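Here is a short walk through one protein model, written for reading with the structure open beside you. Have a look at the chain, then work through the sections below.

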Amino acid sequence: MEHPVYVEKQWMKLLWIILPVSTVLLLAVQMIYLGPGMTGIKLALPLVSLLLLALLGALTISVDASYLRWHFGLIGFPSWKIALSDIAYAEATTTSMMEGYGIRFTSKGMLYNATGNTAILVVLRNGKALRLGTQDPQRLLSYITPRLNAR
């Protein structure tokens, strides 16, 4: 992987709040109703929460000389990349509250979003489109657009 010229990490804040709080509440309910036994169930819940945070806790977007890359989570999986040479154009756009966060199939193509409602629309030379949520679409575009024109 080449050295990135642009990197943006967005934390999926809602997930970082909901998962720990719900895990603690569910563990408390288990302790009250199930007692100190059933340790396996009590251990599984925090482990599943940690796994979800590791896989989906953040969205990282990067641009290097050849690729636009993005991945969810803290371990870099799942991840995707598109050769800049495969991109026809990119532009700033928005997402709706109804489209939500995470990895979504929408009528406008795939959406990868962690927070907010601003994004970039990436249209490939083959006609497919996707949107990447970003806190600063103009800054991200300022790194992508010149690399498209140089090809």
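Is D64 buried or exposed? With a relative accessible area of 2%, D64 is buried (buried means under 20% relative accessible area, exposed over 50%, and partly exposed in between, using a 1.4 Å probe and protein chains only).

## Before you dig in

This is a predicted model, so local features need pLDDT of at least 70 and side-chain atom pairs count only at pLDDT 80 or more, while totals for chains, interfaces and linings use all residues. Residues are numbered from 1 along each chain as its sequence is written, and side-chain values use heavy atoms, with hydrogens and water left out.

## Two salt bridges

The count of salt bridges comes to two (a salt bridge here is a side-chain nitrogen of Lys or Arg within 4 Å of a carboxyl oxygen of Asp or Glu). One of them joins the side chains of D64 and R69, at 3.2 Å from N to O. R69 is buried as well, at a relative accessible area of 15%.

The other salt bridge links R131 and E99, whose closest N and O atoms are 2.5 Å apart. R131 sits in strand β9 and E99 in the loop between β5 and β6, so this pair ties together parts that are 32 residues apart in sequence. Setting aside residues up to four places away in sequence, E99 touches R104, T106, L111 and R131 (contact means heavy atoms within 4.5 Å).

Strand β3 covers residues 67-72 and pairs with β4 in the antiparallel sense over five bridges. H71 stands opposite S79 in β4.

## The five-stranded sheet

Next comes an open sheet of five strands, ordered β5-β8-β9-β7-β6, with mixed pairing. Its edge strands are β5 and β6, and each pairs on one side only. The twist from one strand to the next averages 20 degrees.

What joins β7 to β9? Three bridges do, between residues 109-113 of β7 and residues 129-133 of β9, and the two strands run parallel. M110 stands opposite L130 in β9. On the β6 side, β7 pairs in the antiparallel sense over five bridges, and the two strands form a hairpin with two residues between them. R104 stands opposite L111 in β7; both residues also turn up among the contacts of E99.

## A buried threonine in a loop

T115 belongs to the loop between β7 and β8 (118-124). T115 is buried, with a relative accessible area of 17%. Leaving out neighbours within four places in sequence, T115 is in contact with Q10, W11, Y101 and Q135.

## Out on the surface

Y101 is also part of a nonpolar surface patch, together with L14, I17, I18, V21, L25 and M97. The patch has about 730 Å² of accessible area in total (areas come from the Shrake-Rupley method with a 1.4 Å probe, and for residues only the protein chains shown count as cover). Patch members have over 30% relative accessible area and no salt bridge; like charges are joined within 9 Å, and nonpolar side chains (Val, Leu, Ile, Met, Phe, Trp, Tyr) within 5 Å.

I18 lies in helix α1, residues 13-34, and is partly exposed at 45% relative accessible area. Helix α1 also holds I32, which is exposed at 65%. I32 and R139 are 107 residues apart in sequence, and their C-alpha atoms are 51 Å apart in space.

Terms used. Helix = DSSP H or I, 4+ residues; strand = E, 2+ residues; numbered from the N terminus. Pairing = 2+ DSSP bridges. Axes fitted to C-alpha atoms, helices over the stretch in contact; angles between N-to-C directions.
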